[in-house]
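Hi,

Here is the structure I said I would pass on.

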Amino acid sequence: MLQNEVGKCISCGFCESVCPTLPAAGYDLWKGARGRVIMGHELLNAVREGREGNMDISDSFYSCLDCFACLQVCPAGVNAGVVSHLARSLIVGKKIKGNQNPYAEMIVAATMKYMNPLGIPASSDNWAEGLKFDQGSTDVLYTGKMYQLMAYTGGLNRVRDMAGDHVSKLMAGIIANHPSVIRMSASQRDRSFQKQLNNSLRNIVKLLQAAGNHFSYPGPMEPYPGTFLYDLGYLAEFEEYANRVYGFLKEYGAKRIITVDPHTYDLMKHTYPEFVDGFDLEVVFYADLLSGLNISKTDRTVVYHEPCHFVLREDSYSTPLELINRAADTVLAPRNGKRNRCCGGPDELIFPDLSDKVSQERYSELISTGASEIVTACPICLANLSKERKTRDMADLLAEASSL
Ligand code: SF4
Ligand code: SF4
């Protein structure tokens with residue numbers, strides 16, 4: 001599969017013009033789309049010749065955001081995001097010496113132990129306190145803990161900043177073998193942001209209920225969907241993990257799951273069926289269930305940052321934009337739709353500096369539209385674009401426009 005993907009490349013370089021990590025990495029070609037395809041070629045040759053253990057190439061692939069912007073402009077139909085994913089899977093599957101990423105290993109170990117990548121204890125997940133659900137309904141709200149995690153990622157990176165690069169890598173190696181250590185970073189969470197995120201989740205519930213939906217919620221024991229395991233190339237672990245999550249949801253009685261973020265939606269809808277035998281859950285995004293909502297236009301002008309998983313995948317998903325349009329005068333960034341620019345979020349735990357540069361670039365582009373607020377429909381985008389707190393979640397805007 002990797003051979004098929006890299007074999008199509010004609011080395012024109014068009015993909016470099018849209019790859020967000022290339023300028024953010026100071027035009028280090030190996031951290032750009034074409035460099036990753038060339039590196040994919042080189043990795044295959046090295047594996048064939050048995051010299052892969054002498055290579056130091058993993059940063060090229062691990063720094064890819066999997067945004068798929070490159071695919072949209074490639075005349076040969078190459079997806080450097082897929083190349084990066086396949087290369088990471090090869091590195092992990094063959095355990096290629098010297099190329100394991102310590103942060104990836106740390107995340108995988110914590111996810112397998114705690115069913116979420118940062119070891120967040122269920123006791124600290126209290127966003128739904130006081131809300132009423134229709135327990136027993138086979139429609140199940142599945143947050144996948146994505147909103148909840150975002151208050152913790154900044155804290156982990158602050159610990160890394162304080163420790164420095166060398167010590168951080170050593171710590172990541174220790175956590176990979178003793179995942180409980182990751183819980184120390186929980187005290188560094190951003191409590192004010194956590195309040196904002198919890199409020200967005202509560203607004204999602206209120207919106208769904210105001211639109212006439214009835215659903216249950218499994219509570220703080222609900223597991224994270226395993227996105228990182230898949231994205232980082234740990235496919236054997238992902239398969240085991242996805243089956244655990246599916247078992248949890250089935251045991252809970254779910255027939256249809258209502259997801260609240262684009263990553264979980266995409267993963268559960270498109271990837272789970274490949275890894276879970278007999279996967280039979282219907283997967284929807286909560287915006288699909290808001291047609292009965294009474295929305296009045298506010299006097300705001302907002303710019304919508306489109307999540308890559310909604311607009312740079314094969315099927316564009318535009319329901320969030322339609323809803324936001326009903327709630328406020330809406331503009332789009334200079335790069336939007338199939339030319340969308342990623343927020344940098346997927347790199348936040350592995351390459352925080354690179355992620356920050358990508359997000360700064362996107363933030364400036366969004367603000368340049370003159371809109372007073374940025375609105376997005378993804379907690380990862382929200383966390384990465386929350387500079388000066390000018391960014392908010394679609395659910396908060398819709399709640400305001402529906403007087404909830
Ligand atoms: S745009 Fe496509 S063909 Fe051109 S260098 Fe990039 S991957 Fe290769
Ligand atoms: S998927 Fe995104 S980050 Fe990765 S190579 Fe393509 S454009 Fe660059």
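**The main core**

Leaving aside its neighbours within four places in sequence, L141 is in contact with W127, F133, V205, L208, F215, S216, Y217, P218, E222, I258 and V260; contact here means heavy atoms within 4.5 Å. L141 and Y286 touch the most other members of the largest nonpolar core, which has 116 residues. A nonpolar core is a set of buried Ala, Val, Leu, Ile, Met, Phe, Trp, Tyr and Cys residues joined through side-chain atoms within 4.5 Å, and buried means under 20% relative accessible area, with exposed over 50% and partly exposed in between (1.4 Å probe, protein chains only). There is also a second, separate core of 22 residues, and M55, C70, A80 and I91 are among them. In soluble globular proteins, nonpolar side chains tend to be buried together.

Before I go on, some housekeeping. This is a predicted model, where local features need pLDDT of at least 70 and side-chain atom pairs count only at pLDDT 80 or more, while totals for chains, interfaces and linings use all residues. Residues are numbered from 1 along each chain as its sequence is written, chains are lettered from A and ligands numbered from 1 in the order in which they are written, and side-chain values use heavy atoms, with hydrogens and water left out.

A80, already met in the second core, is found in helix α6 (residues 80-93). Helices (H or I, at least four residues) and strands (E, at least two) are DSSP runs, numbered from the N terminus. A80 is buried, with a relative accessible area of 4%. Neighbours within four places in sequence aside, A80 is in contact with A33, V37, C64 and C70. If you trace A80 against V18, they are 62 residues apart in sequence and 12 Å apart in space, C-alpha to C-alpha.

Which residues come nearest to ligand 2? They are C19, R36, C64, C67 and C70, out of 14 around it. The elements giving two or more residues to that shell are α3 (33-49), α5 (69-73) and α6. For these shells, a residue is near a molecule or strand if one of its heavy atoms lies within 4 Å of it. The ligand 2 shell divides into ten nonpolar, two polar and two charged residues.

Around ligand 1 you will find C9, I10, S11, C12, G13, F14, C15, R34, C74, P75, A76 and V78. By class, that shell has nine nonpolar, two polar and one charged residues. S11 is worth a click: its phi is positive, about 60°, although it is not a glycine. S11 sits in the loop between α1 (2-7) and α2 (21-24) and is partly exposed, with a relative accessible area of 39%. F68 is another non-glycine residue with a positive phi, near 75°. F68 lies in the loop between α4 and α5, and is buried at a relative accessible area of 16%.

Helix α7 (residues 102-114) has 13 residues and reaches 18 Å from its first C-alpha to its last, close to the 18 Å expected; the expected span is 1.5 Å times one less than the number of residues. α7 is mostly covered, with ten of its 13 residues buried. What covers them includes α4 (58-62), α8 (146-163), α9 (165-177), α11 (227-231) and α12 (235-252). At the start of α7, a side-chain oxygen of N101 reaches to within 2.9 Å of the backbone nitrogen of Y103. M115 follows α7 with a positive phi, near 60°.

Helix α10 (residues 191-210) has 20 residues and reaches 28 Å, close to the 28 Å expected at 1.5 Å a residue. Its buried residues include F193, L197, L201 and V205. They pack, as part of the buried set of α10, against β1 (139-142), α8, β2 (256-259), α17 (379-385), β7 (391-393) and α18 (394-401). Just after α10, G212 takes a positive phi of about 90°.

Finally, in helix α8, Q148 is buried, with a relative accessible area of 6%.

Cheers

Terms used: Ala, Val, Leu, Ile, Met, Phe, Trp, Tyr, Cys and Pro count as nonpolar, Asp, Glu, Lys and Arg as charged, and the others, Gly among them, as polar. A polar contact is a pair of N or O atoms within 3.5 Å; within protein, one must be able to donate a hydrogen and the other to accept it, and residues adjacent in sequence count only if both atoms are side-chain atoms.
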